[in-house]
Every structure is written in structure tokens, then in C-alpha cells.
Amino acid sequence: MEVIGDLPRELFLEILLRLPVESLMRCKCVCKYWYALISNPKFIELHLKYNCNNNVCVLLKRCLLTCLGERENMLSLVCSSGFSFINLDVDLSLYKKEPCLQLLGHCDGIICLSNYRDDIVLCNPATRETMVLPESCLPCYSSISNLIPQTSALGFGYDSRTHHCKVVRIISYWEERSGSGLPHHSRVEVYSLATGSWKELNVKVPAHVWYSPCFETYFNGAFHWYAIDDNRNEVILSFHMGNEEFQVIPMPSALSLYDYSMCRSLFVWNGRIALVIYPRKGIEKSFQIYVMKEYGVRESWTKILTIGPLTKVEMPLAFWKNDEILMEGSDGLVVSYNLKTQELKDLPIYGVPKSFATLVYINSLVSVKGGNRVLDGDNTGENVSTPVTFFFSSLQIIKTDDLLLKSLLLLHFPCLFR
């Protein structure tokens, strides 16, 4: 059995897999062996898989007011242990004061953000790595003079065939003085991390994406939007990241016609698509939950339960731990509703009302640029154990609050603690 320091190799790896990303980033600065091991794509994959099974969190975007009364976006991580939360130190210089900042999706620890106007940004909040996507491959004008182009939909997800993430964008062209409320036509482009570029797809968009709060969802290899078809029926429009095709999924029969007084939100609950219906306005609101038991089949929609009526609750934000729903209160406070006990619990998380957005999130070491490679010419890191500083001093590493990391360092490099 191979031994690393005083530990068997298998035990050493098991300990590393349980460390949070911040601690692993520090570990990469200890020695070349640790740097090569933690940078190895296989280790990154194993660490991601461990977190998928054990450390699923909720990433929360909210707006806070500065002392000058300005709004600033903040990303926070809500953890399962006692509903604790931490604010993430992520550089959001592009979108710090953007009131329309949207969380488009999450894939292997990478999130996608946009204001639907200019830049699209990929970000790993754990490693604090960001990347602005290149400009659209579609022209910013229309060949028809009276049509105005506008980004109507964005989505982000994982292509299991290429093992890379993709961003899809729908650009709709609107007549300047159209009274129909629907675009003249739409074009579609896809950005792939595998190629690092955009490409236009020769496909027809079968429905028109419409805004509905907390609806855009990635599930089952496809991204989903709330949409209206040409007959003014409410539908779910999905785009499959693998075959790059659209699909129209019908709503439950009782909800086929557009009703402005009601909101629809879409989530993933217990491995299925869940639709939550609730009033747009009102002091007291009831929330109806439908589940699609067979994906894509209209007849499989089943009404599971009704929550409420609840007072001072605006809208659902995320299903949490299967029996909890995070919701936004009307006073800018986040609350959690327990489906089993029917208890509503205030959480110590505040923000500007109607500024909240959430994603189910997993910390990872995955790079937004795909650069998950080991050191050149040192794939194994064998026979290298001398501490060398790459980005941090030894003193900074020792000051970590992670007890598991301190124990590892003490076993391998006791001289650092003298």
C-alpha cells in the first residue's frame, strides 16, 4: 500500500475529498505533489461527485442597499446545517449595481449570470474565477428595417455527449409598432465551452419565451422557460443541450390559457419537474403545487398539495432538502416553509424586496475555462514533498480555520507549526 507521509494514499485522498474548495486552494500552495493531485481532472471529478452527494447548497442572489441608498448585488450561500449562510467574496464588478441581474443556471459548480443586454458571465463562486463570453455571432441589427432585435431568452446547462457546458440564446425580432405582443421571428445561437465560440442553429423556435418569476430551470439535460404559443396557450419551452432541439411541454389542462393574475414558477422537486401556481398580488396567498410524473406528458401532471393561505409571503424561491421551500417574504426577509409540519420559519437573510433569485448549487474546483490540468511534466508529483509557496505564504496557510486541513499539514509538515 502506497503511503503519503504517515497516511495510506487512500485515506489521504478521502480526507482531501472532504475539504471545501477554499481549503483545497490553500492545499495547492503547500507542495508540488499536492498541487498536481488537486489540479488533476480525476480528483476534480471525484471532489464534485462527493459534494453532489453530501454538500448541496442554495446560491442566493439578492440586492442590498448601501449607505448612499444605492443597490448592490450580493451572492450568498445557504447551507443545510442550521440554515447557516455566508456571503461570497466574488468580483461582480460587471453586475454589482445591475438591478436586472439574472442567475441563468448552474452546472458543476459554475454559474451563468447576465443582465439580458450586454455581457454574459460564467463564474465559479468557490474559486472566484470568472469569464466574460465573447460577443454574439448574430448581427445586432435586422435585415428588415422596422424590426428591433432583443435577447428574449438565455439558458445554461450541461451537454452529456461532449461533457461540456453550453449557453443558449434566443434573439427575437420585434416590429416597432406591433400590436400583437409577439415577435416577428426569432434566431438561436449556442456557445459551447468545448469550442469557446458561438454558432447559430438552423431551428425554429416553436413558442415565445415570456417572463415569469423563478421559472427558468435546467433539468433532465434541458433548459426550460415559461412561454406562450401562437394560440396564446401557456406552455413550457425546453431546449435540449445534447441534440440542440426545442420541445414544447404542455401545462396542466386547467392552466392552458394565459392568466395575468396568476404567477407560475418552475422547480425540480424529488427528481421531477414541479410547477407552483400562486396569485400575483394579495396579502394572503395560496400556492398550488403540480408535479409532472412522466416528463413531457401532459396527462401526467398531478396536483400534489396546496400551501396556505400564507400572509406576507411573495413567492417561492427554491425547494430545499425535499421537505422545505425557501420563499421570499413581502418585507424582504427570506423564510422557509416546512411541507410536513406546515411551519413557516424566518431566516436571518434580508434584501431589497423582489430582488431575490436562487439556484441549487454545489461547490467545485471546475474551471470556467476548462483548464483543469496537472503541472506540465509532473503528472504524478512523485518524490516531491518540499513545501514551496505558489500564491500564499506558509503563515497564511497555517492561519486557516479548517481543522481537517490543519491536521493534514501537521502530519506532513510539522516544522511549519513550530
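Buried means under 20% relative accessible area, with a 1.4 Å probe and protein chains only.

Hi everyone. What you see is a predicted model, where local features need pLDDT of at least 70, side-chain atom pairs count only at pLDDT 80 or more, and totals for chains, interfaces and linings use all residues. Residues are numbered from 1 along each chain as its sequence is written, and side-chain values use heavy atoms, leaving out hydrogens and water.

Let's start inside. The largest nonpolar core has 53 residues, and those touching the most other members are Leu-16, Ile-111, Leu-113, Leu-122, Leu-133, Phe-156 and Val-167. Apart from that core lies another, of 30 residues, including Trp-320 and Met-327. Back to Val-167: beyond four places in sequence, its contacts (heavy atoms within 4.5 Å) include Cys-112, Leu-133, Phe-156 and Trp-198.

Now, how about that Cys-112? Cys-112 is buried because its relative accessible area is 0%.

Last stop, Asn-124. This residue sits in strand E8, residues 120–124 (strands are DSSP runs of E, at least two residues, numbered from the N terminus). Asn-124 counts as buried, at 0% relative accessibility. Its side chain reaches the backbone nitrogen of Ala-126 at 2.9 Å. Leaving aside neighbours within four places in sequence, Asn-124 also contacts Gly-109, Glu-129, Tyr-361, Ser-364, Leu-365, Val-366 and Val-368. Thanks, everyone!

How values were computed
Core = buried A, V, L, I, M, F, W, Y, C linked by side-chain atoms within 4.5 Å. Buried < 20%, exposed > 50% of the residue type's maximum accessible area, 1.4 Å probe, protein only. Helix = DSSP H or I, 4+ residues; strand = E, 2+ residues; numbered from the N terminus. Polar contact = N/O pair within 3.5 Å; in protein donor to acceptor, adjacent residues only side chain to side chain.
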